[in-house]
Each structure stands twice: as C-alpha cells, then as structure tokens.
Amino acid sequence: MVFRTAVEHAKRHPGLIPQFFFICLGMGGASMYLLRLAKGPHVTWNKTNNPEPWNKLDPTYQYKLVAITTDYKNLKKDGPEF
C-alpha cells in the first residue's frame, strides 16, 4: 500500500523520484552497516558455546572498516593464549 502511494506521487510529481531513490539508498546502506556490525567479532549471540569470541581472533584480523595508519599484516600478538 505504501509502495503504491509512493508510485502515484512519483507519477504526479516527477521531481520526487530522486528523493525516493536517495532515501532508499540511505536506508539500504544503514541496514547493511547494521548487519555488518551484528556479525562482528565483538558481538556475542551464543554465550553458552562461545562466551568470548574476541579472544579467538588472530592479531592480523582487521576489525575496523577503515584503518588508515595501521598495517594489520605486521602485527604480532602481545598477550598470552587463553
């Protein structure tokens, strides 16, 4: 029903088409970023099998989306194995 109303408005006012496009693009990008955050190593979905998943990460694992000055290939683990 909402989609049909949006299409009717776009037919009557063609200037709304770019606005609908960018709203959908922004909502899609935000939802994909939330999915990426939910699948990250710092989120625990199953506390019985793996209560601390961040302890099993390799030191070369790039967990940031953008790392400008950090070269993850040359990192070494500083702490002990748990």
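**An exposed aromatic pair in a predicted helical model**

Phe22 is exposed, with a relative accessible area of 53%, a value that lies over the 50% set for exposed residues. The model in which this residue is described is a predicted one, and the values reported below were computed from it. Phe22 also takes part in a nonpolar patch on the surface, which it forms together with Phe21 and Leu25, and the accessible area of these three residues together is about 350 Å².

The structure holds one aromatic pair. The rings of Phe21 and Phe22 have their centres 5.2 Å apart and their planes at 70°, so the pair is edge-to-face, given that planes over 60 degrees apart are counted in this way. In general, a pair of aromatic rings is described by the distance of the centres and the angle of the planes.

With regard to the secondary structure, the protein chain contains two helices and zero strands. Phe21 has its place in helix α2, which covers residues 16–38, and Leu37 is likewise found in helix α2. The UniProt record, an unreviewed entry, places the feature "transmembrane region" at residues 20–38.

Leu37 is partly exposed, with a relative accessible area of 30%, which falls between the limits of 20% for buried and 50% for exposed residues. When residues up to four places away in sequence are not counted, Leu37 touches His42 and Val43.

For the protein chain as a whole, buried residues make up 6% of the 82 residues, where buried stands for a relative accessible area under 20%. The accessible surface of the chain comes to about 7700 Å², and carbon and sulfur atoms account for 64% of this surface.

How values were computed: Residues numbered from 1 in each chain as written. Predicted model: local features only at pLDDT ≥ 70, side-chain atom pairs only at ≥ 80, totals over all residues. Heavy atoms only, no water. UniProt positions renumbered as here; feature names shortened; annotations may be inferred. Patch = residues over 30% accessible without salt bridge, like charges linked within 9 Å, V, L, I, M, F, W, Y side chains within 5 Å. Areas by Shrake-Rupley, 256 points an atom, 1.4 Å probe, with all protein chains shown as cover. Salt bridge = Lys/Arg side-chain N within 4 Å of Asp/Glu carboxyl O. Helix = DSSP H or I, 4+ residues; strand = E, 2+ residues; numbered from the N terminus. Buried < 20%, exposed > 50% of the residue type's maximum accessible area, 1.4 Å probe, protein only. Phe/Tyr/Trp six-rings, centres within 6.5 Å; stacked < 30°, edge-to-face > 60°. Contact = heavy atoms within 4.5 Å.
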